[in-house]
Amino acid sequence: MAPPAPDEGPRPAPGAATQQASDRLFASLRNAALQTSDSILALQRRTEERLRESEQRYRYLSEAINTQLFSTTAEGRLDFINQAVVRYLGVELAEIARDWRVFVHPDDRVHVKQMIRSTLLSSAPAEVEFRLRRHDGEYRHHVLRVSPTHDDAGNLLRWYGSVFDVEDLKRAESATLKATQ
């Protein structure tokens, strides 16, 4: 027969032991949740910082080149232009977004409008040549190129484009053609 157990003091009621275990478990879960929350917040801050850095790089690059760049929503609403566009046209985004067609030569507007409509419907990259009015009123030949972006499901997200002044090239081609005739 085993000797009697030494007196360990008053034994907790059966429910008290369960409560203590429950309290310890709750404290452990709470600490884990707080650590997880801190980790998620730290990850979110790092992700937001990387996004800001990426956007800043995009802005710096778009301003560092003299090519006219723009972006539109999936529906074709202009929502970004770089400073090359502002310098060339002499107006800010709000004015261009209100009605960009006023900068297109009147004889080219129907052609450009048809190309844009067709491109929006097809969601395919496109290129069109037309005359664009500079801030000083001179119309010069340009090539506009647009490319769509899509999400993983194939839904159109937005358009990115560039506009190149090709007037000097067209004049050189014309001069070369005249010289060879």
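Trainee: In strand 2, which residue is the bridge partner of Phe 70?
Mentor: Good place to start! This is a predicted model in which local features need pLDDT of at least 70 and side-chain atom pairs count only at pLDDT 80 or more, while totals for chains, interfaces and linings use all residues. Residues are numbered from 1 along each chain as its sequence is written, and side-chain values use heavy atoms, without hydrogens and water. Strands here are DSSP runs (E, at least two residues), as helices are (H or I, at least four), numbered from the N terminus, and across from Phe 70 the partner in strand 2 is Ile 81.

Trainee: Over how many bridges do strand 1 and strand 2 pair?
Mentor: Two strands count as paired if DSSP finds at least two bridges between them. Strand 1 and strand 2 pair in the antiparallel sense, and their bridges number three.

Trainee: Which strands stand at the edges of the sheet?
Mentor: The open sheet has five strands in the order 2-1-5-4-3, with antiparallel pairing. An edge strand has a single partner, so one side of it is left without a neighbour in the sheet; here those are strand 2 and strand 3.

Trainee: What angle does helix 4 make with strand 3?
Mentor: Helix 4 packs on the sheet, touching strand 3, strand 4 and strand 5; contact means heavy atoms within 4.5 Å. Axes are lines fitted to C-alpha atoms, for helices over the stretch in contact, and angles run from 0 to 180 degrees between N-to-C directions. For helix 4 against strand 3, the angle is about 150°.

Trainee: And what angle does helix 5 make with strand 4?
Mentor: Helix 5 (residues 167–180) also touches strand 3, strand 4 and strand 5 as it packs on the sheet. Its direction and that of strand 4 make an angle of about 125°.

Trainee: Which element gives the most to the lining of the largest pocket?
Mentor: A pocket is an open set of points on a 1 Å grid over the protein atoms alone, where a 1.4 Å probe fits, with protein on both sides within 12 Å along at least five of seven lines; lining residues have an atom within 4 Å of a point. The largest pocket has a volume of about 630 Å³, counted as the space filled by probe spheres set on the points, which are joined across faces, edges and corners. Its 31 lining residues include Phe 70 and Trp 100, among the closest to the centre. With seven residues, the top contributor is helix 4.

Trainee: Which element gives the largest share of the lining of the second largest pocket?
Mentor: This pocket holds about 160 Å³ of space, and its lining includes Glu 55, Asp 79 and Arg 158. Two or more residues each come from helix 1 (14–64), strand 2 and strand 5. The largest share, three residues, comes from helix 1.
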